[in-house]
Amino acid sequence: MGLPGSLVERVPHDVFAGHDDLFRMSARDLAGICSDENQKFARRYAASSLLGLKGDPRIRPDDPETVAVPAAQCAIGLPPERVDEVVSQWADVGVLDSWIHKETPRHPVRIEAFRIMRYPVTNLEYRVFLEDRGLDVLPTSWELGCYPVHRANHPVWTVRPEHADAYATWLAARTGRAFRLPTEAEWEYAAGGGDIEREFPWGPEFLSDHANTVEEGPLTTTPVGIYPAGRSVFGADDMAGNVEEFVADDYAAYPGGAQVADDLTDQGSYRVARGGSFTRFGDLARCARRHGWFDRKIYAIGFRLVEEVAP
């Protein structure tokens, strides 16, 4: 990430004073503003921040909102002949061709119907998990071990992949529902709908106001669901930007592709992450982009779950 060298005001310093009518609104009305793309970002941000303190009705630890993803025979990944195009498009932020080669070749997959969480798992939900299990595996983003109460409705980051797995197992047992992490193929299909022209969840072109990335975001996490214009074709929020998301798969070359060695493989096997984050440029928010965790603070990774459904 290229951090700015001087004061940056991505969110107005008077963002709350400028929207003092929000303080008198109900939680339901505030939630409506969060998802209204006709509202300016500053107002969505203020409304969602107040909602996190008031008690966000969208965050339901035992019954997370999910959206339906239908069964499909589709394709994921990138055709090899498009690698140079993608590298050229993002050359100004240092993208290397080896990173993009991980996405090749485009190949067919069979997707069974499932449901995916509309939002990534939040700090509040992760706290419920830790308390219920009596665990002491705090996210590194909870500085000094302190739960960020003012960010209850922000996505949790950074957790280890095995802890994301444990969360899925816990929620499945707690609810009696078939929750788990999505496979890479499921995640990519849920983000882009299998459409090769839909490079981002919203369409073919990167739009900096559609996701929380370095280009225009506040350089920190934001409450979930406040970039409604960036919603996926199936209705899932924050599948580009905010935090990256672990999937169920470790990195491996796609069928017919070549294994790519880089600083991530130097660590040995690693879990794939998808979707980009507030610390990264828009190239990582592409639906097909494959990434992973590396031991640096800018690797902001969380997760969301899918729920299996009966045929």
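This is a predicted model: local features need pLDDT of at least 70, side-chain atom pairs count only at pLDDT 80 or more; totals for chains, interfaces and linings use all residues.
Helix axes here are lines fitted to C-alpha atoms over the stretch in contact, and the angle between two of them runs from 0 to 180 degrees between N-to-C directions.

Select helix α5, residues 123-133, together with helix α6, residues 161-175: the two pack at an angle of about 75°, and their axes lie 11 Å apart. Because angles of 65 to 115 degrees count as roughly perpendicular, α5 is described as roughly perpendicular to α6. To display the contact itself, show E125, Y126, V128, F129, D132 and R133 on the α5 side, and H163, A166, Y167, W170 and R174 on the α6 side. Coloured by class, this contact of α5 with α6 consists of six nonpolar, one polar and four charged residues.

Next, move to the loop between α7 and β6 and select G203. This glycine is buried, with a relative accessible area of 7%, and, leaving aside residues up to four places away in sequence, G203 touches E197 and R198.

Finally, select H210, found in the loop that runs between α7 (184-192) and β6 (244-250). H210 has a relative accessible area of 15%, and since buried means under 20%, H210 counts as buried. Beyond residues up to four places away in sequence, H210 touches W202, Y227, A229 and G230.

Definitions and conventions. Residues are numbered from 1 along each chain as its sequence is written. Side-chain values use heavy atoms; hydrogens and water are left out. Helices (H or I, at least four residues) and strands (E, at least two) are DSSP runs, numbered from the N terminus. Buried means under 20% relative accessible area, exposed over 50%, partly exposed in between (1.4 Å probe, protein chains only). Contact means heavy atoms within 4.5 Å. Angles under 35 degrees count as roughly parallel, over 145 as roughly antiparallel, 65 to 115 as roughly perpendicular and the rest as oblique. Ala, Val, Leu, Ile, Met, Phe, Trp, Tyr, Cys and Pro count as nonpolar, Asp, Glu, Lys and Arg as charged, and the others, Gly among them, as polar.
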